[in-house]
Each structure stands twice: as structure tokens, then as C-alpha cells.
Amino acid sequence: MVEQILTVTAEHLTGPLAVLRATGEIDRDSIQLLGDAAHEALEQGAHQLIIDLAAVTFCDSSGLRLFVQLHRQTATRGGSLRLAALQPSLWTVLRATNLDRLLAAYPTVDEAVRAACAQ
């Protein structure tokens, strides 16, 4: 039996806005779960995606690559990707890779939701 290292729950808040709450580790072995949840939200009409990362303990380059892909996909739909509640280690990785200049990140999910609703 393989231990599940990531869980993702999706919540549609309003029309084009969806929040994905990730718990665990985002890496090459678990990335498809998050990607599938994001793509399902997009297929259901969301173009404002927020990924709640408060309970994510690890994220490797495959997770960063997915964030960039989702950023591009939401932008082509006139929306955006927002990351919320990042752990300090993930903030450090975003800064070190300069992805903090591309990806919108917020201290809390509520702040990300307010920004998405204002767009």
C-alpha cells in the first residue's frame, strides 16, 4: 500500500473563484493530484484559482512548475492564480527562483480571496 503524501480539497466560493486546499508534500509523486484538482476547477468554469498552502510541508521543482503552468492557464482565461498562506521555506524558494515576481502570493486565503474578487 502506497502512503498518500498529498491531499487536495476544492471549494468553489463564487462563480469563477475556486480555492484548492493542499495538505502534505507537493513533489513529482504527488503533483498530479493537485494538477488534476486545478484542471477540474478550470473545466467547471473557474478562472480565479487560489491554492491554500498553509498545510504544505514540502514543495519541489515539479510543484513550482505546476504553479507557473496554472498561472499561464488562468491568465489566458482572463483570470489569475494566487498562492496563499505559504510556509516560510516555500517563500524562500519563491524568492530564490524569482518566482515571487511572477506568482501572486498572499499571507492568508482571505486576502487572496479579496484580491481575486476585486479583479
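Select strand β2 (residues 17-26) and strand β3 (residues 48-59). They pair in the parallel sense, over nine bridges. Pairing here requires that DSSP finds at least two bridges between two strands. Strands are DSSP runs of E with at least two residues, helices are runs of H or I with at least four, and both are numbered from the N terminus. The model is predicted: local features need pLDDT of at least 70, side-chain atom pairs count only at pLDDT 80 or more, and totals for chains, interfaces and linings use all residues. Residues are numbered from 1 along each chain as its sequence is written, and side-chain values use heavy atoms, with hydrogens and water left out.

**Stop 1: the crossovers**

To check the hand, point the strands away from you: the path from the first strand over the helix to the second runs clockwise in a right-handed crossover.

Now carry on along the chain. From β3 it crosses through helix α2 (residues 61-76) to β4, again in a right-handed β-α-β crossover. Strand β4 covers residues 80-84. β3 and β4 pair in the parallel sense over five bridges. Pick Leu-49 to see one of the partners: its bridge partner in β4 is Leu-81.

**Stop 2**

Which residue stands opposite Arg-21 in β3? It is Asp-52. Their side chains also meet in a salt bridge (2.9 Å, N to O). The term means a side-chain nitrogen of Lys or Arg within 4 Å of a carboxyl oxygen of Asp or Glu. Side chains of opposite charge can pair when their charged atoms come close.

Asp-52 is buried, at 10% relative accessibility. Arg-21 is partly exposed, at 30%. Buried means under 20% relative accessible area, exposed over 50%, and partly exposed in between (1.4 Å probe, protein chains only).

Next, select Glu-11. Its side chain forms a salt bridge with Arg-21 (3.1 Å, N to O). Glu-11 lies in strand β1 (residues 6-14) and Arg-21 in β2, so this pair ties together parts that are 10 residues apart in sequence. Glu-11 is partly exposed, at 32% relative accessibility.

How many salt bridges does a search of the whole structure find? It finds three. Another one is between Asp-29 and Arg-28 (3.2 Å, N to O). Asp-29 is exposed at 58% relative accessibility, and Arg-28 is exposed at 66%.

**Stop 3: Ser-62**

Select Ser-62, in helix α2. Is Ser-62 buried or exposed? It is buried, with a relative accessible area of 7%. Its side chain makes a polar contact with the side chain of Asp-60 (2.5 Å). A polar contact is a pair of N or O atoms within 3.5 Å; within protein, one must be able to donate a hydrogen and the other to accept it, and residues adjacent in sequence count only if both atoms are side-chain atoms. Beyond its neighbours within four places in sequence, Ser-62 is in contact (heavy atoms within 4.5 Å) with Asp-27, Arg-28 and Ile-31.

**Stop 4: Leu-83**

Finish in β4 with Leu-83. Leu-83 is buried, at 0% relative accessibility. Leaving aside neighbours within four places in sequence, its contacts include Ile-51, Leu-53, Phe-67 and Tyr-106. Then select Val-93: Leu-83 and Val-93 are 10 residues apart in sequence and 13 Å apart in space, C-alpha to C-alpha.
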